[in-house]
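Morning, everyone. Please look at the screen.

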Amino acid sequence: MLKFDSPLSAFEHWEKNTPTRPFLRQNIDNKLLTFSFEESGAEIRRMASALIALNLPPQSKIGLLSKNCAHWVMADIAIMMAGHVSIPIYPTLNADTIKQILKHSESKAIIIGKLDNYESQKTGIPDIPKISIELYGIHEKLTWEKLVKQHNPVQNVSKLVPSNLITIIYTSGTTGNPKGVMHTVANFTYSANTILDILYISDHPKFFSYLPLSHIAERIGIEISGIYRGASITFADSLETFAANLEATQPDLFFAVPRIWAKFQEKILETIPQKKLNNLLRIPIIGKLLKKKIRNKLGLSEASLLISGAAPLAVSLMNWYKKLGITILQGYGMTEDCILSHFNLPEENKIGTVGKPVNGVLSKLTEEGEICIKNKCLMTGYYKSVEETSKVFDEDGYLKTGDIGEYDHDGYLTITGRVKDQFKTDKGKYISPAPIELELSKNTNIEQLCIVGMGIPQPIILIVPTAEAKRKNKKELSDSLIQSIKTINPTLEKHENIEKIIIMKEEWTVENGLITPTLKVKRNQVEKIHMPMYKSWFDSKEKVIFE
C-alpha cells in the first residue's frame, strides 16, 4: 500500500494518477453530483488561491461551518493548500457557541456550507470574511462559486510541515464548555495510516459520510482515510433521504454510533416483527435470502467492515445483528488521542468489549480504573489552555481519558463508565450509571435514557421512548419498562436499585442541547433541567410517571 506524509500529498497523488475517478458524490434535490479527483482539484486549487488572496498570516485559523457535504472536504483541503488551520464547527450549534469558538480560535475567515438554519446562526459570526456556498442556498457577499471563477488555480503547493497544526477540533463533550484540541499533520497521518493498515482497506473503496465531519471519528475514519486510499465518498442529501442514499451507495465500510444501530433494528422490526423474524431465520434457504435482503435494504450488502463507536453498544443488540449475518466491530478512541486506542478486528473480535490496544498504543489503568493512553498522535494540547492540558496528562505522558474500564484475561477492554458520571445518592453511596444504562437499553421501547439520583435515596431513570413506543397505550409501555427494572434490580447492589421510571415529554436532541452531535446524552444538561423534580418524582406513589 502507498504511504503518504499528509492528506495533501495523498490528494495530489490521486489527482495526478487517477484524475477521472469519482472522489466526492453529493446527493442534492434528488440528483447525484459527482466530482472526480481532477474536478475536485480544480475547485480546491482555485479556492486555495482565493484564501491566499486574503493575505492572512501563515497558519491562520479558518472556520468551517457546514453539514457533511462534498464542499466540506474540498474546503478542508483548500485550507491545507493555502497553509492555514481548519476550525470545524458542528452545524447544529447555536449562534452563541459559534461566536465563542470563532473568537477563542481567533478565526480570520469562515467557509459556510450546507446548513439547516443559517439565519439563526449567522449572528454568531464576527466581522470576518464569510465565504458561502450557493449550491446549498446560502448567499453571502463572497461565495465559493464566485471566488472559484475569479481566481486561477494554485499550481506549486508547498508540502505540509509534519509538526504544523492541521486543525483545532472543539470537543462537544458531555460536560463543560468546548475545548480546542490541537492536532498536527503528523498526528493525522499516523492515525489514518495505522487504522487503514489494521483494517486492511485497499485502494479506491466506497465510503458513505453522514456522522459529523466536525467530529474526530468521521474526520479520520472517513475523510482523511478516504483521501489516503483514493476513496469515493458519498454524502446523503437529508435525514429523509438518508436510507435511500445509503442503499444506493452500498459502501465497503460503514461506521455508526449505537443509536443508529438501534434505529436500524427498530425499522426492521416495524416490517418484520421479532417472532416472525425468528421463524423465518430458522428456515435455511429463506433465512439466507432474508439476511441478504435485509443487508441490501440497509445499504450494507458490500460492507466488509461494520463499525460502532462513540459509546458502548449493548451486547444484546450486537448478538441480534449477528443472527442476521451482520458482525459489528466495536472500537474506542477520543478526540484527544486522534481515535487511536482500542479496536476489535475481524479476526479478533470479542462482543461486549472495545477490543485490544491498537499496534503502537500503550495503555494502563489507574488504581481507580481510569483508562490512560499513550500513542504517537496524542493532541499537542488544548488551544490557549496550558492548565487544562496539564490536567489530562500524567507524569509519564499518558492521556487520562476520563473513562473507567477493565481488561479481561485475553487483554480485551470493556468500558464500565465515566469518572465524572458517577453520582452520590443521599445515602452517601456512589453509583456508576453507564453499565446499568447499557443493560436497560436492551428494551426496544427506549430511545434514550439517563439514570440519575443525586439528593434522593435511590436512583430513578429518565426515559425518552421510541416513536413506536409512543404509539402504544400507557399501560403497555409502563408494563414493559417495569419488567425491565424487575429483571435488572436483582443483579444490582441494593443502593443501585432503580426506584422510579420517568417518561420524558420532550425528546433530547442536538438542537435543544441535551445530546451531543454524536448522539451521547449530555448528563449535566439533563440533570440541570430535571434535578428540581427528583424529590417529588421519588415521593410519588406511581412507579411510572409520565412527565
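Let's begin with a lining. Q274, L277, N278, L281, W320, K323 and L324 line the second largest cavity. Keep in mind that this model is predicted. Which elements give two or more residues to that lining? They are α11, residues 274-282, and α13, residues 315-323. The most comes from α11, which gives four residues. By class, the lining of this second largest cavity has four nonpolar residues, two polar and one charged. The space inside the second largest cavity is about 40 Å³.

How is such space found? Rolling a probe the size of a water molecule over the atoms shows where empty space is left.

How many cavities of 30 Å³ or more are there? The count is two. The largest cavity has a volume of about 40 Å³. Its lining is made of L211, P212, H215, A217, E218, F255, V257, A310 and T518. Sorted by class, the lining of the largest cavity gives six nonpolar, two polar and one charged.

Now the helices. Two packed helices are described by the angle between their axes and the distance between the axes. Take α15, residues 433-440, and α17, residues 474-488. They pack at an angle of about 130°, and their axes are 10 Å apart. That angle makes α15 oblique to α17. The crossing of α15 past α17 is right-handed. Which residues make the contact? From α15 come I436, E439 and L440. From α17 come S484, I485 and I488. In this contact of α15 with α17, four residues are nonpolar, one is polar and one is charged.

That's my part. Thanks.

Key: Residues are numbered from 1 along each chain as its sequence is written. This is a predicted model: local features need pLDDT of at least 70, side-chain atom pairs count only at pLDDT 80 or more; totals for chains, interfaces and linings use all residues. Side-chain values use heavy atoms; hydrogens and water are left out. Axes are lines fitted to C-alpha atoms, for helices over the stretch in contact, and angles run from 0 to 180 degrees between N-to-C directions. Angles under 35 degrees count as roughly parallel, over 145 as roughly antiparallel, 65 to 115 as roughly perpendicular and the rest as oblique. A crossing is left-handed if the near helix is turned anticlockwise from the far one by less than a right angle, and right-handed if clockwise. Contact means heavy atoms within 4.5 Å. Ala, Val, Leu, Ile, Met, Phe, Trp, Tyr, Cys and Pro count as nonpolar, Asp, Glu, Lys and Arg as charged, and the others, Gly among them, as polar. On a 1 Å grid over the protein atoms alone, a cavity is a set of points where a 1.4 Å probe fits but cannot get out, and a pocket is an open set with protein on both sides within 12 Å along at least five of seven lines; lining residues have an atom within 4 Å of a point. Grid points are joined across faces, edges and corners, and a volume is the space filled by probe spheres set on the points.
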